[in-house]
Amino acid sequence: MKAGLIGLGKMGYNIGLQMLEKNHEPAAFDVDPKAVETFKEAGGEGAASIEELVQKLEAPRVIWVMVPAGTVTDEVLEETAPLLDEGDILIEAGNSHYKKSMEHHQNMEARGLYFFDVGTSGGISGARHGACFMIGGNKEVFQKELEPLFDDLSVEKGYFHTGEGGSGHYLKMIHNGIEYGMMAAIGEGFELLEKSPFDYDYEGVAEVWNHGSVIRGWLMELMGDAFKKDANLDDIRGVMHSSGEGKWTVESALDYQAAAPVIALSLMMRYRSQETDTFTGKVVAALRHEFGGHATEQQE
Ligand SMILES: NC(=O)C1=CN([C@@H]2O[C@H](COP(=O)(O)OP(=O)(O)OC[C@H]3O[C@@H](n4cnc5c(N)ncnc54)[C@H](O)[C@@H]3O)[C@@H](O)[C@H]2O)C=CC1
Ligand SMILES: O=C(CO)[C@H](O)[C@H](O)COP(=O)(O)O
């Protein structure tokens, strides 16, 4: 099967390389012509526009979209859909909000297209060597047209048809919420080591925790890699950005009245990390001063 690919960034490019390796003969478009050139140099086929990409594919066309979530994804889908024929397939594998994906399902089905919302996990190395996919959409079409592709691009047992439209991205959102909580706990653990009276070798700690311990796993492996490059993480600041999935998870917890305090607090800690001082801190310091005469620290 000749697959189409839109988006040759950190994830899409590596998915493209896997498609190449596994004989899915990808043709790819990216808004950045340099990305298309790089893909061509790696052996892939390039397209100068979405229109040209569509023309290169045979019906039923399968197009994998891996661009920034939100407006860009919406625009790419809107540009692509009118160029397709009934029965063609769009796979949207970015980190999109599941409610938006449910809208895309309705919209694409109304045009006679099949749409799949796919949560992708495993990071860049997963995209390159085998990822984990959570796939929402028509099950029969998935089994008939797409299963071999997902089987090839995933690690063994690394794909799952999650159910109706939106369920793939909902599952990925919750996955990322869990990711926030797990990473926050690892961070707090190392903070407690750092504040302790002991002089731990953090790379050694990550290494031993990753051998037989209850908390072994890929995040701990990555922690070992990071400490190997920078023993005390001196080169980076402790500022934690986020791209929306944690916030959406917490919003869902509120919508569905589910208690998710670990994920919620890990999200708040990300926001807190982006501030060097806080108004909360000023208010509490001022109040302590007002009621108890406790010292405040003055601005320099
Ligand atoms: N980086 C990661 O670890 C993961 C990212 N994702 C999701 O996958 C999607 C892609 O992520 P990355 O590859 O990391 O982002 P990226 O920023 O590295 O790549 C995005 C690519 O899309 C291209 N692009 C932007 N607008 C376009 C347009 N209108 N038409 C065609 N191409 C366009 C950009 O030129 C760029 O090459 C996002 O939705 C992201 O949330 C999902 C799982 C893991
Ligand atoms: O989906 C991912 C990993 O599973 C992406 O790396 C995502 O960007 C992580 O979320 P955040 O940027 O909010 O930390």
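Predicted model: local features only at pLDDT ≥ 70, side-chain atom pairs only at ≥ 80, totals over all residues.
Ligand 1 has a shell of its own, made of 20 residues.

**Helices H8 and H10**

- Two packed helices are described by the angle between their axes and the distance between the axes.
- The crossing in which H8 passes H10 is right-handed.

**Surroundings of ligand 2**

- The residues around ligand 2 are Asn-95, Lys-172, His-175, Asn-176, Glu-179, Tyr-180, Ser-242, Ser-243 and Arg-270.
- By residue class, the shell around ligand 2 has 1 nonpolar, 5 polar and 3 charged members.

**Polar contacts and cover of ligand 2**

- In the side chain of Lys-172, an N or O atom is 2.6 Å from an oxygen atom of ligand 2.
- Tyr-180 places a polar side-chain atom 2.5 Å from an oxygen atom of ligand 2.
- The side chain of Arg-270 has an N or O atom 2.7 Å from an oxygen atom of ligand 2.
- On its own, ligand 2 has 370 Å² of accessible area, and the protein covers 69% of that area.

**Surroundings of ligand 1**

- Among the 20 residues that surround ligand 1, the closest are Lys-10, Met-11, Asp-30, Val-67 and Asn-95.
- Two helices, H1 (10-21) and H4 (71-80), each supply at least two residues of the shell around ligand 1.
- The shell around ligand 1 consists of 11 nonpolar, 5 polar and 4 charged residues.

**Polar contacts and cover of ligand 1**

- Asp-30 contributes a polar side-chain atom that lies 2.6 Å from an oxygen atom of ligand 1.
- Lys-10 has a polar backbone atom 2.9 Å from an oxygen atom of ligand 1.
- For Asn-95, a polar backbone atom is 3.1 Å from an oxygen atom of ligand 1.
- The accessible area of ligand 1 on its own is 830 Å², of which the protein covers 75%.

How values were computed: Residues numbered from 1 in each chain as written. Chains lettered and ligands numbered in written order. Heavy atoms only, no water. Near = heavy atom within 4 Å. Polar contact = N/O pair within 3.5 Å; in protein donor to acceptor, adjacent residues only side chain to side chain. Areas by Shrake-Rupley, 256 points an atom, 1.4 Å probe, with all protein chains shown as cover. Helix = DSSP H or I, 4+ residues; strand = E, 2+ residues; numbered from the N terminus. Nonpolar A, V, L, I, M, F, W, Y, C, P; charged D, E, K, R; others polar. Left-handed = near helix turned anticlockwise from the far one by under 90°.
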